[in-house]
Amino acid sequence: MATAAAAERIELAKLCCSKDWSKAIRVLDSLLAHSCVIQDLCNRAFCYSQLELHKHAIKDCDKALKLDPALIQAYILKGHAFSALGKKEEALSVWEQGYEYSASQSADLKQLLELEDLVRIAKQSSSSTFSNHEMESAGSSFQASESIISMESSEVSDSHVGSNGKLEPFSKSSDQWEVNDRVKNQSGLTVNGIKVLDRPSTKNQESQERKTNGMCDKTNGMSNKSNGIYDKFAGQSGLSDSAESCVDSSVLSNDSIDLSDSCSSSINISDIHHELLDEDKRSKKFCVARISKNKSINVDFRLSRGIAQVNDGNYDHAISIFDKILQEDPDYPEALIGRGTAYAFQRELHTAIADFTKAIQSNSLAGEAWKRRGQARAALGESAEAIADLTKALEFEPNSVDILHERGIVNFKFKDYEAAVKDLTACVNVDSDNKSAYTYLGLSLSSLGEYKRAEEAHLKAIQIDQNFLEAWTHLTQFYQDMADSEKALQCLHDILQIDGRFAKAYHLRGLLLHGIGEHRNAIKELSAGLSIESSNIECLYLRASCYHAIGEFKEAVKDYDAALDIELDSMEKFVLQCLAFYQKEIALYTASKYNTEFSWFNLDGDIDPLFKEYWCKRLHPKNVCEKVYRQPPLRDSLRKGKLKRQEFALTKQKATLLQCADSIGKKIQYHCRGFLRNRRQYRMAGLATIEIAQKVSKVWRLLQNEWKQSNKGTSKQGKKVRRKEKPNTSQNRGGAGCSTSSFSETSVSYSTTDDRSFGHPSMSWHNVYSLAVKWRQISEPCDPVVWVNKLSEEFNSGFGSHTPLTIGQAKVVRYFPNFQRALNVAKEAINNNKHVRDKKDHMISLREDEKLQEILKAESCSDLYRTVGGDFWLATCCKSTAVEGKDLEGTRITLVKSGDNGFDFAIKTPCTPARWDDFEVEMTSSWEALCDAYCGENFGSTDFDVLENVREAILRMTYYWYNFTPLSRGSAVVGFVVLLGLFLAANMEFTGSIPAGVQVDWEAILESDPINFVSSVKSWMYPCLKVNTSWKGYPDVTSTFETTGSVLAALSTYSD
């Protein structure tokens, strides 16, 4: 190993002597891979500076300073690198830091004095009256503005610096190059203690040297300059002395030692500043002798030019430069990396990967190639390969901020949030000012459910840069996910203060206003966004939905059409386009019902089942277009007068009803993360609650009359058994305008039921819940709320709702609070049943005691999955009340592996025909039990104790509804609205609010016995139930808001 290391150092000396910097870097990579020697880090930093890779130079200096905070040489190099990047203040800060630290330590006094002079000169020049480009002329800390090399008019910065921090002997001269040399070239490259190079410090002079063969002539000890270009620098280049320019192997060892002073004499730096000022008076720019175009150019110089072209975005030119280098040496790794990078920027990712791969094959220690290939693979979606490459790159640069940042972002994008947090945390620990890393750290932490830390990370990114729009945007979305609308709106206000034409902010504000039920205000924001980006499909789609919701169908259809006409570039946008098609059809249907009675608005009866199925599943509408009757165009509704506008006059009756509805509707609010307060949904719920109470009370009055009639003249032989009615469901699966559903029929009959003396009412449990469903449907057209049994043949295969608690590693903000309880229910079900089922519905036996014990001890999805041995599902139990001893299939808990370290943990309720029939019986039984409890001797009672059975009957029916989950979505709010309506019909009003953290539907779904559900809910609900008969004086909802148009106006009109 020692012999190999010595050989590498001999090779390193030769490469530096010949100025072959890229190959020298390869040797240093190899040396550092085996042993991290501080001097090697400084030497590599110098080599990087020769290639203008100043950020790499800074990173190596940082590594060196981490190992030795008093290393003056590293401070000098780092300061020069910052200066070369145009960061003069950072350069001065580094030099000052180095001087202050080293002054109190045991340091090289010569270097310390040199560093002191650098600080002094930098301060004097920065305070002088010269212009910026004059001040920059003093070497890398005072870089000449736009220092120009004559070759093809390429602009390059005079940014190269040495590495050991020494001043080298130069004869005094009035020539402008010497002034630069004395200020800039205060460092040379040290190899095994031998100073092998002192170079002209500006890139212009270096490029001149690279026109020569750049080789050390050991015979005469002179650097072989061609054509006399450097005649005036003969004896000054630092290579004229054979003792310095040629390296004998006898003096090389395995250690990298700084002995640069042994072959050099000092220069009086006190004259430097005066010469600098004199030179600035002569010229604002440093000029160099022109280089003959017919002379060969050093490979490293061409490589540097290629890199510069990539950085400037001139990718084709860069590729042509790299092509010429590779024609001479097809395996030159740096050229392959440069060309691959250019290809990657042009999105020719496969070609880029091929170049990076070839570079790795040529030099497996080329960390940059591993990193670039990882980035390209990530862009192609090859997550595992990308992570592997970036991980390999980290072996060469442990704790590299760039690679940790890059790998963290890749991990985030491929949903490995735990790994992303680990990488990004390590990144910000090294670079506390990395605003991008903090932003992605916030996103990753939020996905993992660590919301407090996520907020802190987003705020830190903004603290670093108050104008960082990406961080503001993600913080806004974070607050919206948390349902903190006030903070989200404040963030959006701040964003628009920074950039009033930031279209994304208007879209987000429109989305938030839509989410809290302010559709008209949302339209204004979305219109502002579209004035900036007219083809923004997110804005178009959402504005169309808002117009649709408030009954502005002409504008809605126009926006839907515009969204359908846009050429798309992503699958997410394509989904919006599909939804635009379906919702346009729903808008046209609603427009055709605008001036008809609201009772005739019947999506479930009128809209084709196949259409509804595709709408719910967000499928491509091609089959729908071919097989389903399309809604008539808007002009037909206009021509027939169906869409004739009517002014919404807010009468006293309407105002009273809306005020009461708003008060009642607020009771539906879940006080949990993720549930925004939506005033439109409050009003919907309130009006639906009152209408249900009004119509159910009529039915109960009829049943009371029937009960009285049936008890006249009869002996007391027990309770009369009423006929059980099967819900009269609609068989219409055809086109629009065919309102033949049971609800349409029964809703018309309500106006005449008061005249009946007795008889069985036609209102079933299905009719009761359909009232709430209809209000939910029209209140938010974006949501496909339909009865599952009214879909196509998919009903037979068990299509139903799907509610995830975790998606991979991500915790679903709304539902993850129910995770632990759901996990316990799953474990209990497995223990009771001794089996689960796989994806193909095959049984997986788990009867072994050892496995059952492991399952009961499981604390995570991973534990449960490992014990079962694969993806599975199980069904919870739901005890029947209608049929003694029968257990219904409740919900299905599913566990599916997602990625290497994640799991999809969800509940599903497949509504198969058999399951539907079971719950049909249960719901019918519960509804009749409720009617019996209230419509006998207890009818009209205001005695709270007397109504105990009524309350329990309402909660029991609610329990079965939640376990049934017969809607494609919206079952939770519909269930609670009906509960409120039934309580009100029984003269009990819920005056409280749902406790924080409680989600009533989950309380039912995760409970196998309705008795336990009733006990749980009554503990907080009953104390808030107050006897109330004043609701009977409310105006009738059906007659007050008679038409579909008036309902839309009621939902969209607010006094403030």
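## A tour of helix packing

Begin by selecting helix α3 and helix α5, where Gln39, Cys42 and Ala45 of α3 meet Gln73, Ala74 and Leu77 of α5; contact here means heavy atoms within 4.5 Å, and helices (H or I, at least four residues) are DSSP runs numbered from the N terminus. The model is a predicted one, in which local features need pLDDT of at least 70 and side-chain atom pairs count only at pLDDT 80 or more, while totals for chains, interfaces and linings use all residues. Residues are numbered from 1 along each chain as its sequence is written, and side-chain values use heavy atoms, with hydrogens and water left out.

Stay with this pair: α3 spans residues 38–50, and it packs with α5 at an angle of about 20 degrees, with the axes 10 Å apart. Axes are lines fitted to C-alpha atoms, for helices over the stretch in contact, and angles run from 0 to 180 degrees between N-to-C directions. That angle makes α3 roughly parallel to α5 (under 35 degrees counts as roughly parallel, over 145 as roughly antiparallel, 65 to 115 as roughly perpendicular and the rest as oblique). The crossing of α3 with α5 is left-handed, a term used if the near helix is turned anticlockwise from the far one by less than a right angle, with right-handed used if clockwise. The residues of this contact divide into four nonpolar, two polar and no charged, where Ala, Val, Leu, Ile, Met, Phe, Trp, Tyr, Cys and Pro count as nonpolar, Asp, Glu, Lys and Arg as charged, and the others, Gly among them, as polar.

Among the contacting residues are His54, Ile58 and Asp62 of α4 and Tyr75, Lys78 and Phe82 of α5; by class, the contact of α4 with α5 has 11 nonpolar, one polar and two charged residues.

Select Val696, Trp700 and Leu703 of α35 together with Trp927, Leu930, Cys931 and Tyr934 of α41 to see the contact, which has seven nonpolar, no polar and no charged residues.

Finally, colour the chain by pLDDT, the predictor's confidence in each residue, from 0 to 100. The mean pLDDT of the chain is 79, and 75% of its residues reach 70 or more. Over residues 129–255 the pLDDT is below 50, although this stretch has 375 contacts in the model beyond near neighbours in sequence. Residues 715–759 also have pLDDT below 50, with 85 such contacts. Where pLDDT is low, the predicted coordinates should not be read in detail.

Notes: Helix = DSSP H or I, 4+ residues; strand = E, 2+ residues; numbered from the N terminus.
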